[in-house]
Amino acid sequence: MPLTRRTILAGTALPVVAPAFAQSATTPGASPSGQAPGFYRYKVGDIELTAINDGFAFRPLDGFVRNAELSDVQKAMQDAFLPTDKLPLTFTTLVLRQNGRVTLIDTGNGDMGAPTSGTWMANFRAAGFDPAQVDTVVISHFHGDHINGLRRKDGTAVFPKAEIMVPAKEWDFWMDETRMSQAPEGMKGAFQGVHRVFDPIAKDVKRYEADKEVVPGLTAIATPGHTPGHTSYMVSSGSGKFIVMSDVTNHPALFVRNPDWSAVFDMDADLARQTRRRMLEMAAAERAQVSFYHAPFPATGHIAKDGNGYRFVPIQWSSAV
Ligand SMILES: [Zn+2]
């Protein structure tokens with residue numbers, strides 16, 4: 001039948017449309033109203049990286065930046081076309097695969113986060129992984145959004161075979177009983193959260209030092225300030241180099257743009273600021289690709305100098321890995 005205006009208007013040109021839709025709507029895993037699964041793969045030399053999204057949480061903007069006026073913070077949000085009352089803070093972890101070895105960097109919120117988070121496991125599985133195949137979990141620092149995915153609320157370990165590796169300095173700080181008992185009221189919950197996750201495996205946890213290779217191709221860089229043992233990483237393979245920034249900055253629209261601003265979560269604001277300046281300057285000078293745990297998905301891009309601050313320039317999404 002020739003496709004003419006008359007056949008289109010009569011609705012007779014494409015009689016198979018309705019059954020085709022009906023079929024796709026019942027395909028497992030496909031939903032006509034949800035997003036595609038939140039994973040994204042890219043490569044650094046021979047190492048395959050997969051970004052796994054764990055949803056987001058809203059944070060009130062008021063009080064989020066310790067040393068800036070709310071109106072200035074709102075202006076920065078407006079410049080980035082983001083809401084001016086609350087910050088949608090995303091969580092993106094990394095999976096590294098090399099020679100059949102699977103390493104995670106951080107684990108997301110598990111079942112302990114905001115209702116809009118907790119999508120990590122579904123996205124991890126959608127990317128073709130299984131928690132039982134994880135060889136190593138490398139933790140950057142001990143905040144809940146990075147460690148809670150290690151253990152479910154009911155106490156079950158999520159990665160049964162994995163070796164857990166943590167920064168030695170971070171361990172010494174958070175596992176110190178005296179420091180925990182003397183912690184201000186607002187910090188007690190964070191200490192308790194660390195104990196919930198690590199007490200059952202305390203004797204098995206491996207502690208790593210900065211400037212050392214943690215697993216092949218992944219070298220720890222001490223980036224203290226956000227927390228005492230906060231760690232970033234250099235991923236190297238062949239001529240490929242990549243910096244995992246972890247929480248050197250919180251949302252780039254605020255803290256890459258304004259590196260001297262302090263997020264409410266930075267435990268030592270001055271040290272965090274020095275660390276941030278040093279790491280952003282290095283990334284900009286070397287034109288290195290970087291990732292940030294709290295950058296918009298897939299949370300990877302480059303750093304460009306811009307005035308007294310920097311700009312985060314996201315990578316171009318590619319259909320090829
Ligand atoms: Zn974080």
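Asp130 counts as partly exposed, at 33% relative accessibility. Its salt-bridge partner is Arg125, with N and O 3.3 Å apart, and Arg125 is likewise classed as partly exposed, at 46% relative accessibility. The model is predicted.

**Salt bridges**

- The count of salt bridges comes to 12, among them the pair Asp130 and Arg125.
- Arg276 and Asp266 meet through their side chains in a salt bridge, at 2.8 Å from N to O. This pair links distant parts of the chain: Arg276 lies in helix H10 (residues 269-286), and Asp266 lies in the loop between helix H9 (252-255) and H10, 10 residues apart.
- Arg276 counts as buried because its relative accessibility is 2%, under the 20% limit for that class.
- Asp266 also has 2% relative accessibility and therefore counts as buried.
- Arg311 forms a salt bridge with Asp306, and their closest N and O atoms are 3.0 Å apart. Salt bridges with shared partners join Arg257, Asp306 and Arg311 into one network.
- Arg311 has a relative accessible area of 41% and is partly exposed; Asp306, at 24% relative accessibility, counts as partly exposed.

**Strand pairs E12-E13 and E13-E14**

- Strand E12 (residues 289-291) pairs with E13 in the antiparallel sense over 2 bridges. In this pair, Val290 stands opposite Gly301 in E13.
- Strand E13 (residues 300-306) and strand E14 (residues 309-314) run antiparallel and are joined by 6 bridges. His302 stands opposite Val313 in E14.
- E13 and E14 form a hairpin with 2 residues between them. Gly307, in the turn, has a positive phi of about 60°.

Notes. Residues numbered from 1 in each chain as written. Predicted model: local features only at pLDDT ≥ 70, side-chain atom pairs only at ≥ 80, totals over all residues. Heavy atoms only, no water. Pairing = 2+ DSSP bridges. Helix = DSSP H or I, 4+ residues; strand = E, 2+ residues; numbered from the N terminus. Salt bridge = Lys/Arg side-chain N within 4 Å of Asp/Glu carboxyl O. Buried < 20%, exposed > 50% of the residue type's maximum accessible area, 1.4 Å probe, protein only.
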